[in-house]
Structure formats: C-alpha cells, structure tokens
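Dear colleague,

Please find the structure below, followed by an account of what was found in it.

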Amino acid sequence: MESFINKNEIKNIEKFFYKNGWEPLPYQIESWEAYLNGKNGIIQVPTGCGKTYAALMGPLSKLKSSTKPTGLSILLITPLKALSRDLKNAVYLAAQFFNQEITVGIRNGDTSPYEKKKQILKPPNILITTPESLSLLLSNKESKKIFSNIFSIIIDEWHELMGSKRGNQCELSLSWLRGNKKDLQIWGMSATIGNIAEAARAIVGIKGELPTVISTNIQKEIEILSVLPEEQTTFPWSGHLGIRSYSLLLEVLDKNKSTLLFTNTRNQSERWYQCLRFCLPEMEDKISLHHGSLDKDERKIVEDGVKNGSIKWVVCTSSLDLGIDFQPVDQIVQIGSAKNLARLIQRAGRSAHRPGGKSKIIFMPTNSLELLEISAMRRIIKSGVSEKIKLPELSFDVLLQHLVSLACGPGFNPTTEKERIKDCWSYRNLNDQDWDWCIDFLEYGGKCLKAYPKYKKIEREKLKGDEHNFNYFVKDKSLIRMHKFNIGTITSDKFINVKYLKGKSLGNLEENFASKLKLGDTFYFAGKMLQFIKIRDMTLYVKKSSKKSSLIPAWVGGQMAISDLLSDNLRSEIDICNKLENDDQYINKELNSLLPILKKQKDLSDIPKRNQLLIEIYKAKELTSLFVFTLDGKFVNEGIAFLWALRFANKKQSTFSISVNDFGFSLTTAENYDFSIIEKEFSYFIENKNLEEDLENAINFSELTKRRFKNIAQISGLVNQNNPTKTKSSSQLQISSSLFYDVFTRYEEDHLLIKQAHEEVKEYQLEKKRITNSLDRLSNLEIILNETKTPSPFAFPLLVERLKNTLSNESIEKRVEKLIKKYNS
C-alpha cells in the first residue's frame, strides 16, 4: 500500500515538472521515493542539476495533504543570506502548485524586526533561514511551540557549512530539533565531495539508521580556457600578470555576454573593478562590483541587475559562489588560482547552471606558475577525484554558546542534552569530564571566575513533582539580550560602517584599516573614490572625491593556500614537466606556454621528479639563501620553514628571514652560512620526534594561541563583540581576551578553551598533521642540492616576496624589473 501511495505521490510531483516544461531526472525521482518512504540522507550532484527540487518535493507533497496548513512544517537552512531570495522564489513556485494556502518566509540578518515578530506569532509553513538565525530561534522562550509542527529539514550547500564552526552550530541545532521531534526527516544537499558518507552522518546524527546517499552519473563537463601571456618571462613572480595583462583578458571576453569575474579577495575585486571601468568607459553602467563588505542593498541591486540583463559584468568574490540562479550568465572568469578544486568547480558551475549544461571558465593567471596549478586541476577533474571536507571536532566554544541559547529559551536538562549532543558527529567523542567542565563554567564561572556574578550565566530550576531533576535557564534579562546580540561563529576584526556624510551606507571596512586614515585621505572602496571626513560611533563618514589614490582596503583572511589534493597533483604535474622533451602526450596549452620557464629552470638547476626534493643555495653579496621546493602549500611550507630555521640555528647560531609560497620556502641570512649541511644531516631536519615542541619554540606560539583565543572567547560568550548599548573596539576585545588568556593559563592548567586554542593553532594555522605527513614524505625522497649562480625561475617568486618586505623608495615593480635585467644579462 505504501509503495502504491508513493507512486501516486511521485506522479503528482511529476505533474509540476511537466507543467513547467521540465523532465524529472532519475536521481530526483529516487530522492522523492526515499523521502516518502521515511528515509533521511543527502543528495550529492554537480552544481546546477536541480538539487533544490530533488530535496523539496517530497516534503511539499507531504505538506499539501493539509487543506489549510498551520505552523512551521518545513525548515530550509542555507549558508548565505544572498541565496534566500532565489530559494524562496523556487519554493513558492512549487508550493503554489500543491496548495495555494502554503506560506513561505525568510528569516536572516536582513529580515526586519517587524517581520521577525510576526513570524514568531504566526510562523510561515516553510521557513528559509541561516544557522545563526536558527540558533536565535532556539533561544526564544516559545521555541518548542514554534517547532511543534515541523516534520522536515533541508540543508542547502551543506559542503559549505561543514568545513567551519558554522557546521558545528548547525549540527547542535539539529540535535535539539531531533530530540524534540522523533519523526523528523532531515536531508542535505551537497556538491560532490570525497567524504559524503561522513557528511551525511553529520546531518542525521550517529545513532540513527544509516543515511541514504543519493548521487547521479550526470557528468557536468567543464571547459577551462587559460589566458596565456604573449611573451613569457623566464623569471615569474606574483603579480607580474593579472591586471598588468588585462588587455589579453578583454580580447577573449564578449562585452554583450553576462559575465562573473571571480577574484579570491575583496581587495583584488576592488582593483579589477577599477581597472575595467577605466579601460571600458563605454561599459561604465554595465559593470558592477559584488563582495561581502558592501551594503546589502548595493548587493541586491547588482543581483537583480544581472537577472534582468541591465548589468553585464560583475567583479565578485565568494559572495556569488553559491546557488543564486543567474540563468543568463554566459562567461565565468577566475582571476588567479582558485587554490582548491571544489571552489573552481563551484564557480565554473555558475555558467550553464542547469542539468546537462557545459560549464566554461576562463582562467586569468596572476603569475606564470599558476598555469601549473590550473593544468593539474584539469587533470583532477578528468579523473573524477573529489576533495574531502573535514568538520571541526569538539569546538567547546560553539557548544557553550549553544547551551546558553537553549537556557535563554526553553531551558535544558543536562542529562538529556548531553546525550543529544553526543549524537552529533563532531561531538561524538565528548567525555563526561569535559561535559561537566562546560556546565560548571556556565553555572559558576569555572575555577577562575567563581567570584564574579556576571559569569554565572545559567541557573537551576527544579521540575515540578521531581525534586531530583532540574533544568537550566538564563534568568537575567540583560544576559539574554547580550547573548542574542552575539550569537554566531563568524569572527573577524571589528568592522567600521562606511557612510556618506549625507546619504546612504556603502558597506564596512575593518577597524585596522580605518584607524590609519587621516583627515582628507582618499581611498577606493565600493567602486568609488572616497575622501575621509570623520569617524564617529564606529561609522566612517566619507564624501565622493575627484582625487586619485592607489589606497584600497585589505581585509584579514584573504590568504589562501592550495589544498592537499591539489598539492599532491601539483607534484605530479612537475613530474610531467620532466617528460615534455621526449613525450608530448602530456602537453597542453598551459605547459606549452611554460616551456621557456621550464627550460631556464633546467639550465640553471633542475626540475624535480615525483621521488625527488629540489633544494637550491644562492649566494649574493653578503646574503646566503636556501630555497626548498616541497610543493605542499603555503601554510605547510611556513611551518616547515620556521622548523628548519630553528634546527639550522641549533647547528650554528644565526638569524634567518623567511619567505613562503605554495611551491616552497626560503631561508636567508646575512652570514656566509653553510646550508649544504642539509645533505649530510637531512634526517635531523625532517624528524618528527620532537615536532610539536620544536614548532612551539620556532614560532611565537603563545602569541598565536592568544590571537586564536580571542575568537574562541567571542564565540563562547566570554567576551562580547556586539553590545546593544555600546560598541567595543577591536583593541578593547583583544585586551579583554588577553587578560582572560593570561589568567586561565596561569591558574587553570586544563582550561578547555585554552586547550582548544592550542589545538586549533596546531590544526588550522600550523597544520601540524599536514606538516607531519609532509616530513614523512620528504624522508623518502632523493635530495637534489644545487648551488646556483642566479636564482632559478622556481626561486625567483620567493626572492620577490622577500623584496616586498624590505623598505625602498622604489615600487616593487621597478625593483623586480631591475633584477630581471640583471639576471638576463
């Protein structure tokens, strides 16, 4: 009977597709059948293949059976506010087909207070929200009532959430909802990733039945077209291409086709927008800028402009990575290496955003060696291998925030809630001792803060008729208000709002940049030349300026390093470069363009094979430099560079300057240092025995953990970044968190938040696991040690990095040009 009902339901869903001129795909039908048979799981298909309707139609079919649906029944969680409006349009179209009484709402940071209040009193049947807004709903006293009718949750773009603490936040909210609604069905949507079973388990919990994984054999073709330099210098460096070669990019772009030009940083997007407007004055009204620091109204104008065709080109960042359905987008440009495969595929998928469409992406390198990266990425895509995304584990700061949210709202029973939380994938290893510490920290302030009432956040309230059982609540209204103002896991330098002296808001800058401005200074932001007038109440007032300035804001967090998968394939790509002279089966346009560089590298030094490690020594005037090409990514190389600097100093005391990039690192000293000892004592430099201790000694570890603790303190609620009555500056936050760090370190050796800061520095900043794996790999390689008379093409970018950090009255471009002339002469 169930199968018969399901077939009728499926036919009804198919009617909606046929009405809109669509043909249901096999994986979509499989998803509907799985849902209607009571399954939980995840849908993993390429971008633009109809995931939304695959996940939505089953729950909608169930909802339509109510003649007049009441209460919140379906919850859609999305990582970006920008996705909400398009998602609502898609949901509303389907909902109206089934039952015109079904209501659809959006709740996020852009939703007005009036609308939020209305949603509490009368929730929509389908609510589209973010992890932060969901946590805020759980902190409402009426949360149990709000979610009393819910039967389905859909998580959009789960792969985007699970790589950060937002994934932890989402998991914890889901654990509470599962605990309150036993028949709740949860489905996620994800792009293709390498650990999909783990991703699915994180959504449904570890105690439930095995989640269903729906995938498809749809192979979305991706064509990569690289913009190649006309003349290839044999000494590449970061920045020698890109904007300097803008004319080459313009030659391959059609002005009349809608285009997204993706950059990796907001600073880079501002520069490219400025360049394109200057070079194409006839398109001034058809080119726009879109990044996360612009005002939401400005972003909405751009999004609508692309959809209606009034805006042709948009220079953007990851703010447009995800599923906003710009059907008319014809051209996608990636400026600079995307650094990981998932990001490149996601961005390529913005073109031909439909099943069966062929995605095309134009790659604009910012330096020649990035052509090796894009060549490697093309081979990875062809092989069908996907990157894994790791969910952070045991984030106690997020757990503490979640418990306070529950205590602000419906309250929680410690025994019941502990079991729910241990059902989360990322908290499956939570032990009783750490749980008890968290409760003690929230109830009494922990060992160090017992004397301060403001840190005693939760209070016990005995249950009626059961004197041995109790729930925890936050009873102080000011604490509740403060907590709600600070819910979330995204931390950064404090933002300053940018606003015209008389007029609208433009967006926000980091406080660090704003603090260095002087009265009358001009800078370029939001695609406009602006003059600084004054700062008042965390708002920077400006006016338009006709003066020219090269000053453009930079934002913290803009650095990217290549992923594990890409670094491994990059080593293979370098290995292929050794075969090009004798075997042209591997040649492509990128490698062909690099032949002059590769020949120069071979002439001056060598090109390492996969089983070799290339090390170069270069002496110039009073400086001696060691160049090591691990091909392990910037962050790993940085850790190994500091480690080797310490170990070289242990052999012979010296001071080293360090430069790093994704290809390798360099150590430079003003002494005539004998770096050749590396050949005889290589085992000493790669040993893992005292790795952790050596890393802590090599780097200012306490300063790194102190900075990391600042973010943890904010998320856990120990310090509050946002205050409903007064605003704290970034320096005030740093002072507050530093004081706590010093006290906890001195008086509570096993403080969980301090331990978490240590672990996060080792895991995410030093990438200790990747460093360990790298040293193990290096131990099995043949060493090629060459002393060069001129820096090789592989070494030259590291030399330029060192130049950037030295004072000079000449621009870096002029200094590099002088070096190139010198080395070519």
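**The start of helix H14**

At the beginning of H14, the backbone nitrogen of Ala342 has a side-chain oxygen of Asn340 within 3.2 Å. Helix H14 itself covers residues 341-348, and its buried residues are Leu341, Leu344, Gln346, Arg347 and Ala348.

**The model as a whole**

Please bear in mind that this is a predicted model. The average pLDDT of the protein is 86, and 89% of the residues score at least 70.

The protein contains 33 helices and 25 strands. It has 825 residues, of which 57% count as buried. Its accessible surface is about 36200 Å², and carbon and sulfur atoms contribute 48% of that. Of the contacts with a separation of 6 or more, 74% are between residues 24 or more positions apart.

**Two buried polar residues in loops**

Asn125 is located in the loop that runs between helix H5 (113-121) and strand S4 (126-129). Its relative accessibility is 2%, so Asn125 counts as buried. Which backbone atoms does the side chain of Asn125 reach? A polar atom of this side chain lies 3.1 Å from the backbone oxygen of Gly71, and the side chain also reaches the backbone nitrogen of Thr103 at 2.8 Å. Leaving aside neighbours within four places in sequence, the residues in contact with Asn125 include Leu63, Pro69, Thr70, Leu72, Glu101 and Ile102. Between Asn125 and Ala95, 30 residues apart in sequence, the C-alpha to C-alpha distance is 10.0 Å.

Ser139 belongs to the loop between helix H6 (131-138) and helix H7 (143-146). With a relative accessibility of 1%, Ser139 counts as buried. A polar atom of its side chain is 2.6 Å from the backbone oxygen of Leu136. Apart from neighbours within four places in sequence, Ser139 is in contact with Ser405, Cys408, Gly409, Lys484 and Ile487.

**Aromatic pairs**

The structure has 31 aromatic pairs. One of them joins Phe16 and Tyr53 in an edge-to-face arrangement, with 5.4 Å from centre to centre and 75 degrees between the planes. This pair links distant parts of the chain, since Phe16 is in helix H1 (residues 2-19) and Tyr53 is in helix H3 (residues 51-63), 37 residues apart. Phe16 and Tyr53 are both buried.

A further pair is formed by Phe656 and Phe675, whose ring centres are 6.0 Å apart; their planes meet at 45 degrees, so the pair is tilted. Phe656 lies in the loop between helix H24 (634-651) and strand S23 (657-660), while Phe675 lies in the loop between strand S24 (665-669) and helix H25 (677-680), so the pair ties together parts 19 residues apart in sequence. Phe656 counts as buried at 15% relative accessibility, and Phe675 does so at 1%. Both rings belong to a cluster linked by ring pairs, which also includes Trp644, Phe648, Phe665, Tyr673, Phe682, Tyr684 and Phe685.

**Charges over rings**

Tyr684 has the charged end of Lys651 over its ring, 4.6 Å from the centre.

**Positive phi angles**

Most residues other than glycine have a negative phi. Ala526 has a positive value, near 60 degrees, and is not a glycine. Ala526 is placed in the loop between strand S18 (522-525) and strand S19 (528-536). At 11% relative accessibility, Ala526 counts as buried.

Leu631, which is likewise not a glycine, has a positive phi of about 60 degrees. Its position is in the loop between strand S22 (623-629) and H24. Leu631 has a relative accessibility of 6% and therefore counts as buried.

With kind regards

Conventions. Residues are numbered from 1 along each chain as its sequence is written. This is a predicted model: local features need pLDDT of at least 70, side-chain atom pairs count only at pLDDT 80 or more; totals for chains, interfaces and linings use all residues. Side-chain values use heavy atoms; hydrogens and water are left out. Helices (H or I, at least four residues) and strands (E, at least two) are DSSP runs, numbered from the N terminus. Buried means under 20% relative accessible area, exposed over 50%, partly exposed in between (1.4 Å probe, protein chains only). A polar contact is a pair of N or O atoms within 3.5 Å; within protein, one must be able to donate a hydrogen and the other to accept it, and residues adjacent in sequence count only if both atoms are side-chain atoms. Contact means heavy atoms within 4.5 Å. Accessible areas come from the Shrake-Rupley method with a 1.4 Å probe; for residues, only the protein chains shown count as cover. Rings of Phe, Tyr and Trp (its six-membered ring) pair if their centres lie within 6.5 Å; planes under 30 degrees apart count as stacked, over 60 as edge-to-face and the rest as tilted. A charge sits over a ring if NZ of Lys or CZ of Arg is within 6 Å of the ring centre and within 35 degrees of the ring normal. pLDDT is the predictor's confidence in each residue, from 0 to 100.
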